[in-house]
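I set out to record what I looked up in this chain, entry by entry.

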Amino acid sequence: QAQAKQKTVKEEKPLGLNARNRGILPDSLNLPADSLQANIARQKQELLKKKAKHIKEAMDAVEGTQDALAALQHGEKDKAMAVLTQVDGKIDLLLARYPEDKLIPIDASVDDFNLVSNLDAVKKARKEAKKLLDKGYVQDARHIIDQLVSEIRVTTVYLPMDTYPDAIKEVAKLLDQGKEDEASRVLQMALSTLVVDEQVVPVPIINAEAMIETASQVADTAKVKAQGLLKDAQGQLAMAKELGYGKRDGEYKTLEKEIKSISEKLTKGDKTSDLFHRLLNHVRALKKKI
């Protein structure tokens, strides 16, 4: 069953970590940190729900394969054959129910990696990592680069239906021929063909989206607050850009121009609803693209 797990990047000097600023947020925001964290939690659940179409028979087939392999390793050929018969039945059911699906989902999990830092510290860390790489200190650079992540990551495991069913049938034949060692190798290979897919959504872009959406809601009644939220959103997008989420040029430049345009129109008292709508669509498109 899919479970939500949480990870926090460990503290190291290069990033200038500050325990007060979780999730690369500044000390003072126009949107409460609790609200942002709640939004991130919702995003995690939505992502997991979309990916969590687990097929019980597929999971049973994999677990049965593992049990059969363990039985063979303990010299229990008859038990392995009995388990593989059940596995074959599960796979036949999957083929009948999902004849067009090349990949059947087995399981999904969600992790979040929260960087605790600020934009200047991240820029400094990037430069330091580059210097280390230029000098050939790859592992030292890796320790820095490994910290430069702030994202929700959904991992989904799939059963490959193009190859798995044939592998199970091949194992049964090998066992009938008394080739237990070769059967074990085929089972191990079959288990190694499980497909793992990762979907990444940057936390700074999630935060920026929430800030822009709130700004659009208060633009007519609290223009100063709306402008503050737009400034915060710009900071989050700058962090996403510095962390390397998406292309550094066109995508972020377009968002910067749109935020600047909305802020200017707010100052003049002009209508901004259409501009906010376009900006949100662009931010969501960027989030989805990454």
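This is a predicted model: local features need pLDDT of at least 70, side-chain atom pairs count only at pLDDT 80 or more; totals for chains, interfaces and linings use all residues.

Entry 1, valine 83. I looked up its accessibility first: valine 83 counts as buried, at 14% relative accessibility. I take buried as under 20% relative accessible area, exposed as over 50% and partly exposed as in between, with a 1.4 Å probe and protein chains only. Valine 83 sits in helix H3, residues 77-97. Helices are DSSP runs of H or I with at least four residues, strands are runs of E with at least two, and both are numbered from the N terminus. Setting aside residues up to four places away in sequence, I found valine 83 touching Gly64, Asp67 and Ala68, where contact means heavy atoms within 4.5 Å.

Residues are numbered from 1 along each chain as its sequence is written, and side-chain values use heavy atoms, with hydrogens and water left out.

I checked the span of H2 (residues 56-73): its 18 residues reach 26 Å from first C-alpha to last, close to the expected 26 Å at 1.5 Å a residue. The expected span is 1.5 Å times one less than the number of residues. I listed the buried residues of H2, among them Glu57, Gly64, Thr65, Ala68 and Leu69. Which elements cover the buried residues of H2? The cover includes H3, strand S2 (103-114), strand S3 (151-160), helix H6 (164-176) and helix H7 (180-192). Just after H2, glycine 75 takes a positive phi of about 75°.

Is lysine 44 buried or exposed? I found lysine 44 buried, with a relative accessible area of 11%. Lysine 44 belongs to helix H1, residues 33-51. Its side chain makes a polar contact of 2.7 Å with the side chain of aspartate 112. A polar contact is a pair of N or O atoms within 3.5 Å; within protein, one must be able to donate a hydrogen and the other to accept it, and residues adjacent in sequence count only if both atoms are side-chain atoms.

Alanine 141, in helix H5 (residues 138-145), is buried at a relative accessible area of 0%. Beyond its neighbours within four places in sequence, I found alanine 141 in contact with Ala129, Leu132 and Leu133. Alanine 141 and alanine 129 are 4.6 Å apart, C-alpha to C-alpha, and 12 residues apart in sequence.

H8 (residues 203-218) has 16 residues and reaches 23 Å from its first C-alpha to its last, close to the expected 22 Å. I noted H8 as mostly covered, with 13 of its 16 residues buried.

I counted 11 helices and 4 strands in the chain. Of its 290 residues, 43% are buried. Among contacts with a separation of 6 or more, 81% join residues 24 or more positions apart.
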